[in-house]
Amino acid sequence: MKILSHSILYLTSLLLIFSCQPKPVERPNIVWISSEDNSKHYMSLFDEHGVETPHIESLAQHGVVFNNAFSNAAVCSAARSTLISGCYGPRLASHYHRKIEKVPMPLGLEMFPAYLKQAGYYTTNNAKEDYNFFKSDSVWDASSKKADWSNRKDGQPFFHVYNIGTSHEGCLHFDEEKMKTHTTSTDPESCFVQPNHPQTDLFRYTAAYYRDKIQEMDQQVGEQINRLKEAGLLESTFVFYFGDHGGVLPGSKGYLAETGLHVPLVVHIPEKYKHLVDVKPGSRSNGFISFVDFGATVLNLAGISVPSQMDGLAFMGPNVSCNDLEERNETYSYADRFDEKYDMVRAIRRGNYKYVRNYQPFNFDGLMNNYRYKQLAYKQWKEEFGAGKLNEIQSYFYQAKAPEGLYDVVNDPYETNNLADNPEYNDKLLELRTALQSQGKNMPDLSFYPEYLLIQTAFDNPVEFGQNNKANIAKYIDIADLSLLPIDLAMDKLLIALESNDATERYWALNASLSFGDSALDLTELITAISEKDEALINRVRAAEFLAITQAIGPEKTITQALYASEDAAESLLILNSIVLMQDGHGFSFDLDIENLPPVVKSNKLVLERFKYLKPIKPEA
C-alpha cells in the first residue's frame, strides 16, 4: 500500500509540476511590405489627388490607416538606417547618403531583428538592406532575393521584410522617345501637378506615369497578401505596408518637403492577435509616428523588451493605448549629403505646423545632383528657370533659401507660403525653433562637425564622440543660429567666433555670415584674411564664397588651390560642392584638372560624379 500511495503521490506531483510550467509564448508573425520612393500624396486612400490602390486598401479594412506617418529622412540609406536601428541618424552619423564609410551600431545595441531572432523568430529580408552600419551575423536568418518566411521551421513565428522597387526613382528616367510612344493609364491632361512645379506637358506626363507605377506596385502588394492568405497565415500576421520615404517627383526625394517625408502606412491587425492592440480594425489614426518608432513597435508586438538605447517609442502593442497614440503630434527630420550634393537641413513638425531650418541656405535646392537630373522633369525645371518662364513659387528651387521656414502644411501642403516673417505666427515660430535647437543639442547632432572631420575623428564610436563633444556641438548650434538674429545683434558674437582658435567655430561663423550676405559686409576684412590663411581648407573656401557673393570677388583661385591641397576625399567633395554652387548659382568659371588631385581623392566615386558634371569627357571625333 505504501508503495502504491508513494507512486500516486509522485505522479500527482509530476502533474502539478507540469501544469505549473509556463506555456510557450505564442508570438504573432510580422511582415513589412515596403515600396520604394512614394509619399502618401499619390494614393486616394490618403489624398484627393491620388490613384486607387485596392490591395493596400484591403489591408485597411481589417487594420488601421495612419494619417501621419513619416520617414525621418528623405532618402533610402538614411531612412533605412533609422528603421533598422530605431535611432536618429544625426546621433549615430548614419544619415549621409551614400555612405563614404560605414559606422558601428551604438555599443550594446543590435539592429532590432536580432532581438526577434534571439526570441525564436525566423528573420528574413527580401532583399534591399542599404544600411550605413556594419551589420553583424545575428540580424537575419536570410537576406537575399530568395529570402522568404516559408523556409522557417514548422510553427516558428517569423518577421519578414519584402521590398518593392517598382516605384523607385529610376522608373522616371524615361527618355523623350518613351514619352512619345508610351500611353499612361492615368490621363496626363487631368493629372494634378503641384503648384510649385512648372505646369507643362512633361510634368503632367511624369505625374501620370508615376501614378501608374504606384498602381503597379499595389498589384505586387496584393501578391504578398494573397500568399499569406493561401497559407492560412493572414489572421495570425501583422502586416505593415509603408513607403520607404517620400516620392520622386522633383523636389521630393532628397528634400525635407512633406512630399519627401510623409509616407503611407497601413497596418493589418490579425484576428488572432487583435487583443494585443488598443485600436479598432477599420479605423484611422491621426497620431504622429516616425521611422524611428518602427523597430520598437515590432518588438513590443512580439512581447520583447525595447532596448533603452533606442530613440523610438512603440506606437502599437501592449501598454500603448489608443489615447496615447492620438496625443502624439511631433516628428523630426534631417537631410545632409545626398550622393555628391551637400546641404544641411533640419525640420520639426507639431500638428499642422512645420519648422524648417536651413543651416546653409546659400546651397539652393536645385544644385546639381547627377542622379536626380537623369529625370527629364528635373532638366526641364532647370531650363524653364534659366529662361525666366517660372513664377515666384516655381522659382524657389533655384534660389537661395531663407534660413528658417514655418509652414501650415495642412492648408499649404506644398510649402509655398513661408510664415516665418509673419508677426501673427511669431509665438509658433519661437516654440518650434526652440524645440529644434533643443533636439540638436540634446542628441547631440553630429553634423555640426563637417562630415570629413567626423570620418577622421568620430567614426570608431560616433555616439561616444557626440557625448564627449556635447558642449562643443551646443556652442556650434548657437553660432549657426546667430543668422536668425538681426545683424546688429549678431555682429559682436560673429566677430568673436570668426577669430576663435576652434576651426569649427570659425566654420559656423562663416556659414552664418554667408546667410546674412550683404548685411555682413563689415566682416569683409576679417573674412578676407580667413580666405588667405586659415588652417582649415573648408574655411578658406567658405570665406571665398562670402567674398564672391557679396562683392563679386572671384573665388576660383582660392577654392581651386584648396581642392588640390586636400588629401581627404570627403573634404574634397565638400569643396567641389562649393565649386558647383559658385559656377551654377553665381556664374564663376573653374578650369579644373582631375589629375591634380591626389590618388585617394580622384579615385573616390562621388568625387568622380562631381567631375563628370564639371568636366564632362568629350567623345572622340
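**Briefing on the predicted protein chain**

K612 lies in helix α24 (residues 605-614), where helices (H or I, at least four residues) and strands (E, at least two) are DSSP runs numbered from the N terminus. This is a predicted model, in which local features need pLDDT of at least 70 and side-chain atom pairs count only at pLDDT 80 or more, while totals for chains, interfaces and linings use all residues. Residues are numbered from 1 along each chain as its sequence is written, and side-chain values use heavy atoms, with hydrogens and water left out.

**Overall form**
- The protein chain has 24 helices and 13 strands.
- Its radius of gyration (taken over C-alpha atoms) is 27 Å, close to the 25 Å that the globule rule gives for 621 residues, so the chain is as compact as a globular protein of that length. The globule rule is 2.2 Å times the number of residues to the power 0.38.
- Along the principal axes, the C-alpha atoms of the protein chain fill a box of roughly 110 × 60 × 60 Å.
- Of the contacts (heavy atoms within 4.5 Å) with a separation of 6 or more, 74% join residues 24 or more positions apart.

**Surface and charge**
- Buried residues make up 60% of the 621 residues; buried means under 20% relative accessible area, exposed over 50% and partly exposed in between, with a 1.4 Å probe and protein chains only.
- The protein chain exposes about 25800 Å², of which carbon and sulfur atoms supply 50%. Accessible areas come from the Shrake-Rupley method with a 1.4 Å probe.
- There are 59 positive and 82 negative side chains, and the centres of the two sets lie 6 Å apart. Lys and Arg count as positive and Asp and Glu as negative, without His and the chain ends; each charge is placed at NZ of Lys, CZ of Arg, CG of Asp or CD of Glu.

**Helix α2**
- I56, L59 and A60 are buried in helix α2 (residues 54-61).
- These residues cover an arc of only 105° around the axis, which puts them on the same side of α2; the arc is that of the directions from the helix axis to the C-beta atoms.
- The cover over the buried residues of α2 includes β2 (63-70), α7 (201-230), β6 (237-243) and β8 (265-268).

**Individual residues**
- K612 counts as exposed, at 52% relative accessibility.
- K612 and S167 are 445 residues apart along the chain, and their C-alpha atoms are separated by 27 Å.
- Q156 lies in the loop between β4 (142-143) and β5 (158-164) and is buried, with a relative accessible area of 17%.
- Leaving aside neighbours within four places in sequence, Q156 is in contact with N29, G120, Y121 and Y122.
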